[in-house]
Every structure is written in structure tokens, then in C-alpha cells.
Amino acid sequence: MLTGIIALPALLLYIYFANPFFYRLLILVVAGLALLEFYRMVLPAERKQEQLPAVAGGVLFVLLTATGNATAILAGMSLLLLFWVGWFLFNFRDLNSVIHHLGLIYLGIFYVGLPLGLLAALGDVPWGRQWVFFILLLAMASDTAAYFIGVTFGRRKLYPAISPNKSIEGALGGLAGALIGAVAAKYWFFPVLSVWECLLLGLLLGPLAQIGDLAESMLKRSFGVKDSGHLIPGHGGILDRLDSLLLLFPPVYFFALLRGFG
């Protein structure tokens, strides 16, 4: 609670007041830390030498994606493809696992790098910071409602193989929280959104936030770790805080781009 009380207001103030350079700088730092946690978690000890190049490549991809330029993004994907295929071709060590390890490198780039790159690009669209606050409010409302409804009324397990403590009742509460958070955003700081757009986004993003949470739980369970890291006291790692957000950044970015506000 103490970490949240200190960190959350500081984060919101930073996002609100930061100019485009410092806004992207924050995302690049977060991306670097999240990618480092990811590769430390998924790559075996014998492939430790790939961790830092993988993080550097992922951060580069975030930077290129942040431009919102399709040519730059495709160029980054092509360069990373050439580099890592060539790298593993001449440093394969064990032919039985090399493709698995190569796939994990790319999973980090697209699971962490692509969403955070689009979050950075979101800052350049009209009402960009409001979109960021919209995502944060919706995700927090969904997580909070899912927790309290699940603790109070949860009886039926949602997905025990992945997350034993989550319930169907909690998931429904999370969806309700997402809808409430989306509508609250309109009347609090995002007046150009219609109520129907808020409801549509709540219905889309609420389940995606919970899927993102489950996806990171699946990832951690498959590699036998409890937390992705220990950077945030009482909260685990950066990835543990991003889990319900990562899948929200791409659809919101494209919705904002297509919707366009004058």
C-alpha cells in the first residue's frame, strides 16, 4: 500500500507534465527493465549472454514503434530477424532447444516491446495523455473490482490451472469495474468520448485486461517463478504491474488513431 500511495501519484504527475521527450524516455526505461525481467525469467543460464542484446534489440523496437511509422516498424522487425537468426545459426549449442530459445527472444519483443512502443506512439495522437489515463483508470477499476468481488462472492474457479485464486464472479466484477472506469473517465477528464464509446471500450478492454493478467500468470508458471522480479517493494517486478495493461495498449492506440479527435 505504501508503495502504491507514493508511486502512483508520482507516475500520474510525470505523465501529465512530461514533454514528449521525457514521456518516451520513461517508456523506454520501463521497456528496458521489463524486457530484462522477461529474458532473465525465460532464458536458461547457458543463454545468459543473449540477455543484454535481446533487451537492447527490444528497446530499439520500442523506439521504432513509437514513431508510428509502418516503414520504420517493418525495418526494425527485419533487422531483428536477420540479427537473431544469424546469431542462433552460429551459436546454436544444442539443436534440440535452439529454435525454442530463438522463439523466446521474439516473444519478448512482441509481448513487451510492441505494446510499449504503441503506448509511446499514443502520446502523439490527439488527446494522447487522456488516452493513457483512460487505460490506467479502466485497468485499475477492473483489477480493484475483480479483487473485492472475488474475495467477497467468489465461489466458482475461473481458470485454476493458471490462477487458482481467480473466480468467475471476480471476472464479472472486473468487467463491471472496467465499464464503470471507462464511463467515469468521460465525465472526469475525457469529455470528447461518448458514453457509447466508453461502454464499447469497457466491454473490449475489460476482458483483455484479465486475459493479460492470466497470460503473465501462465508465463510465470511455465518457468516456475512467483514474480517476474523484485524491483517494486510488495508488488514484484515491472512485468507484474504491466500484466493487465500490455494487451490494452494496441487496441486503444488503433482506436484513437481511427477515431481521431479534432
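**Close-ups of a predicted model**

**View 1. Helix H2 against helix H5.** Helix H2 (residues 20-42) and helix H5 (residues 98-122) have axes that come within 10 Å and cross at roughly 160°. That crossing makes H2 roughly antiparallel to H5 (angles over 145 degrees count as such). The crossing is right-handed, meaning the near helix is turned clockwise from the far one by less than a right angle. On the H2 side, the residues that meet H5 include Tyr-23, Ile-27, Leu-35 and Phe-38; their partners in H5 include Leu-104, Ile-109, Val-112 and Leu-116 (contact means heavy atoms within 4.5 Å). The residues of this contact split into 17 nonpolar, one polar and one charged.

This is a predicted model, where local features need pLDDT of at least 70, side-chain atom pairs count only at pLDDT 80 or more, and totals for chains, interfaces and linings use all residues. Residues are numbered from 1 along each chain as its sequence is written, and side-chain values use heavy atoms, leaving out hydrogens and water.

**View 2. Ser-163 in strand E2.** Ser-163 is part of strand E2 (residues 163-167). Ser-163 counts as buried because its relative accessibility is 9% (buried means under 20% relative accessible area, with a 1.4 Å probe and protein chains only). Skip residues up to four places away in sequence, and Ser-163 touches Leu-214 and Arg-221.

View 3. Setting aside neighbours within four places in sequence, Gly-173 is in contact with Ala-145, Ala-146 and Ile-149. Ala-70 is 103 residues from Gly-173 along the chain, and their C-alpha atoms are separated by 38 Å.

Key: Axes fitted to C-alpha atoms, helices over the stretch in contact; angles between N-to-C directions. Helix = DSSP H or I, 4+ residues; strand = E, 2+ residues; numbered from the N terminus. Parallel < 35°, antiparallel > 145°, perpendicular 65-115°, else oblique. Nonpolar A, V, L, I, M, F, W, Y, C, P; charged D, E, K, R; others polar. Buried < 20%, exposed > 50% of the residue type's maximum accessible area, 1.4 Å probe, protein only.
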